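Please keep the structure in view while reading.

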Amino acid sequence: MAGGTEDAANRYSRLDVWPAAELMTALWEGQTRALAACAPALPLVAAAVEAAADRLASGRLASGRLAAGGGRLVYAGAGSSAMVAALDGLDLGPTFDWPAERLVLLIAGGLDLSRGLAGAAEDDEGAGRADAGRAGICADDVVVGLSASGASAYTVGVLRAAREAGALTMGIASSAGSPLLEAVEHPVLTATGAEVIAGSTRLGAGTAQKVVLNLFSTGVMTALGNVYDNLMINVRPENAKLRRRCTAMVARIAGVDEDAAGAALERHGDVRRAVLGLAGLEAPEIDRLLIATGGNLRRAMEQARSGSNTQE
């Protein structure tokens, strides 16, 4: 059985005097073990994705765009786990156009990191409960908590308060039977074992956390219609590279050249609307279809074709 994240593995005795090449090999092996530890958790992550997508699907669209209202995705953590959570959450806006109003980051000690991470704040369950209350967590929300040891009192406090409020809760930890995993509906264990440097969970456990969160959030965003085929159709075209990518996506999906795709994108403003515009739909019909299908481009295209066939 894998040791706990705080255990000191004897095999790394005198690590401080190992040659750099041997140290790199040991650290790399620790990372590969962390990746392997994620595989048994995949069915648990898949179940959490389905539940979260169902919870977040309501209130998603206004005029074809993601709405600010509706359930929120809430990340909670302390220390390096909080940084992993924040990294995943903050990337959802640029990549999938997830509204800032529907993302909440609850970090032990707060988001002002100018003085570094507040280590002692991890031990305060009451602060976690209080932060959950101030955030107004409710039954519409999905709350994901991370703690390598599963013993972060702050994160457990957030999750317990969230579950009592009716929110969907998911926890990711590397220690079986830990308080965090017992506090949630969807516990995800990544048994990464003892770290190469004892207790340094920014290593293997941190890698496993990032992998699982990446899989989870990408799965949720895909289920919510932010991906068509394997294309991120809701990416925000905030620079030249992304504008070119959006043009290429419209061209590929609509089967037109890039000049026509670029003109449609300029006229309609985003990939989904441009594709539907190139199918011959006017703005009011595009809005209607996107709202009716929850923003799912594939279903909107199918309905548009079905309407065309009916009219014929």
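This is a predicted model: local features need pLDDT of at least 70, side-chain atom pairs count only at pLDDT 80 or more; totals for chains, interfaces and linings use all residues.

Two packed helices are described by the angle between their axes and the distance between the axes.

**Helix pairs**

Helix 3 and helix 8 pack with their axes 10 Å apart and at an angle of about 25°. Because angles under 35 degrees count as roughly parallel, helix 3 is roughly parallel to helix 8, and the crossing in which helix 3 passes helix 8 is right-handed. On the side of helix 3 the contact is made by Ser81, Val84, Ala85, Leu87 and Asp88, while helix 8 brings Gly206, Gln209, Lys210, Leu213, Asn214 and Ser217. Sorted by class, this contact of helix 3 with helix 8 holds 4 nonpolar, 5 polar and 2 charged residues.

The other pair is formed by helix 11, residues 271-278, and helix 12, residues 283-292, whose axes come within 10 Å and cross at roughly 125°. Helix 11 and helix 12 are therefore oblique to each other, and their crossing is right-handed. In this contact Arg272, Arg273, Leu276 and Gly277 of helix 11 meet Ala283, Ile286, Asp287 and Leu290 of helix 12, and the residues divide into 4 nonpolar, 1 polar and 3 charged.

**Pocket and cavity**

Which residues lie nearest the centre of the second largest pocket? They are Asp88, Asp91, Asn214, Ser217 and Thr218, out of 14 residues that line this pocket. The elements that give two or more residues to its lining are helix 3 (79-90), helix 4 (92-96) and helix 8 (204-223), and helix 8 gives the most, with 6 residues.

A search of the whole structure for cavities of 30 Å³ or more finds 1. The largest cavity is lined by Gly30, Arg33, Ala34, Thr192, Gly193, Ala194, Glu195, Val196 and Gly204, and helix 1 (residues 20-38) gives the most to this lining, with 3 residues.

The table sets out the volume and the lining classes of the two spaces.

| Space | Volume | Lining by class |
|---|---|---|
| Second largest pocket | about 230 Å³ | 6 nonpolar, 5 polar and 3 charged residues |
| Largest cavity | about 50 Å³ | 3 nonpolar, 4 polar and 2 charged residues |

Technical notes:
Residues are numbered from 1 along each chain as its sequence is written. Side-chain values use heavy atoms; hydrogens and water are left out. Axes are lines fitted to C-alpha atoms, for helices over the stretch in contact, and angles run from 0 to 180 degrees between N-to-C directions. Helices (H or I, at least four residues) and strands (E, at least two) are DSSP runs, numbered from the N terminus. Angles under 35 degrees count as roughly parallel, over 145 as roughly antiparallel, 65 to 115 as roughly perpendicular and the rest as oblique. A crossing is left-handed if the near helix is turned anticlockwise from the far one by less than a right angle, and right-handed if clockwise. Contact means heavy atoms within 4.5 Å. Ala, Val, Leu, Ile, Met, Phe, Trp, Tyr, Cys and Pro count as nonpolar, Asp, Glu, Lys and Arg as charged, and the others, Gly among them, as polar. On a 1 Å grid over the protein atoms alone, a cavity is a set of points where a 1.4 Å probe fits but cannot get out, and a pocket is an open set with protein on both sides within 12 Å along at least five of seven lines; lining residues have an atom within 4 Å of a point. Grid points are joined across faces, edges and corners, and a volume is the space filled by probe spheres set on the points.
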